[in-house]
Amino acid sequence: QDWIKLSRALRYLMNSKDLLLTIQTDDITKIHCHVDAAHMLHHDLKGHMGGRLSLGKGALCVKSKKLKLNTLSSCESELVGASEYLKQLTWAYYFLRAQGFPMSPSVLYQDNQSTIKLINNGRRSSSSKTKHIDSRFFFIHDKVKSGEIEVRYCDTERMLADGFTKPLQGKKFVYFRNETLNMNVEF
């Protein structure tokens with residue numbers, strides 16, 4: 001079964017080697033960031049996070065990695081993943097600001113409503129189920145308070161970081177690939 005999966009992946013790579021990444025900007029002063037996490041995905045029950053930065057269309061920076069710690073809920077996995085990806089978002093924000101662009105707040109898209117509440121409210125929205133979360137993961141709340149980041153809900157079907165956390169098939173894969181590369185190619 002593994003050999004069949006590998007040969008299918010290699011055929012796809014051979015047939016798609018001419019696909020190009022095209023980057024467009026709608027507004028160079030606003031960074032769009034999609035972050036997603038999959039809870040307890042690995043054998044050691046650690047989660048996996050994925051993220052993508054864009055200035056409009058096409059991905060400027062992408063990341064997919066195993067979380068370094070175990071989390072107790074999908075909400076906590078999403079918070080840890082967002083905090084992890086905040087490094088890239090903050091770097092891009094300060095880099096563009098240093099180039100002289102008057103930066104608008106970056107937009108962080110999240111598909112978990114509880115995580116959005118934790119990010120926006122910080123410790124104030126913690127309950128007995130979230131009191132254990134390390135304060136370093138609330139650094140993202142400070143960025144929201146300072147006006148550098150605003151958090152918006154993005155439904156799971158349109159989450160552009162989904163393909164960095166789990167395998168996608170069919171129409172979901174084509175949508176993810178087309179949005180990441182800024183192209184319109186059918187499967």
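**K143.** I started with the contacts of K143, leaving aside neighbours within four places in sequence: L86, T90, Y94, E148 and I149. I count a contact when heavy atoms lie within 4.5 Å. K143 sits in helix α4; helices (H or I, at least four residues) and strands (E, at least two) are DSSP runs, numbered from the N terminus. Buried or exposed? K143 is buried, at 9% relative accessible area, since buried means under 20%, exposed over 50% and partly exposed in between (1.4 Å probe, protein chains only).

**Ground rules.** This is a predicted model, so I note that local features need pLDDT of at least 70 and side-chain atom pairs pLDDT 80 or more, while totals for chains, interfaces and linings use all residues. Residues are numbered from 1 along each chain as its sequence is written, and side-chain values use heavy atoms, with hydrogens and water left out.

**Cores.** Next I looked up the largest nonpolar core, which has 30 residues; I31, L79, L108 and I119 have the most contacts inside it. A core here is a set of buried Ala, Val, Leu, Ile, Met, Phe, Trp, Tyr and Cys residues joined through side-chain atoms within 4.5 Å. Elements giving it two or more residues are β2 (32-38), β3 (48-54), α2 (74-98), α3 (113-121), α4 (139-145) and β7 (149-153). Which element gives the most? That is α2, with ten residues. Another core lies apart from this one, with eight residues, among them C154, M159, F164 and L168.

**Salt bridges.** My search of the whole structure gave nine, taking a salt bridge as a side-chain nitrogen of Lys or Arg within 4 Å of a carboxyl oxygen of Asp or Glu. E84 pairs with K63, closest N and O atoms 3.4 Å apart. That links distant parts of the chain, with E84 in helix α2 and K63 in strand β5, 21 residues apart. Both E84 and K63 are buried. E84 also forms a salt bridge with K65, at 3.2 Å between the closest N and O atoms. K65 is in strand β5 too, 19 residues from E84.

I then checked D162 and K172, whose side chains meet in a salt bridge at 3.7 Å, N to O. D162 lies in the loop between β7 and α5 (170-181) and K172 in helix α5, so the pair ties together parts ten residues apart in sequence. D162 is buried at 3%, while K172 is partly exposed at 34%. Salt bridges with shared partners join D36, D162, K166 and K172 into one network.

**Cysteines.** How many disulfides? I got zero, with a disulfide taken as a pair of cysteine sulfur atoms within 2.5 Å. For C61 the nearest cysteine sulfur is that of C33, 8.7 Å away. C61 counts as partly exposed at 25% relative accessibility. For C154 the nearest is again the sulfur of C33, 11 Å away. C154 is buried at 9%.

**Surface.** Last, W3, L6, L10 and L13 form a nonpolar patch on the surface, with about 460 Å² of accessible area together. W3 is found in helix α1 (residues 2-15) and is exposed, at 63% relative accessibility. Patch residues have over 30% relative accessible area and no salt bridge, with nonpolar side chains (Val, Leu, Ile, Met, Phe, Trp, Tyr) joined within 5 Å and like charges within 9 Å; areas come from the Shrake-Rupley method with a 1.4 Å probe, and for residues only the protein chains shown count as cover.
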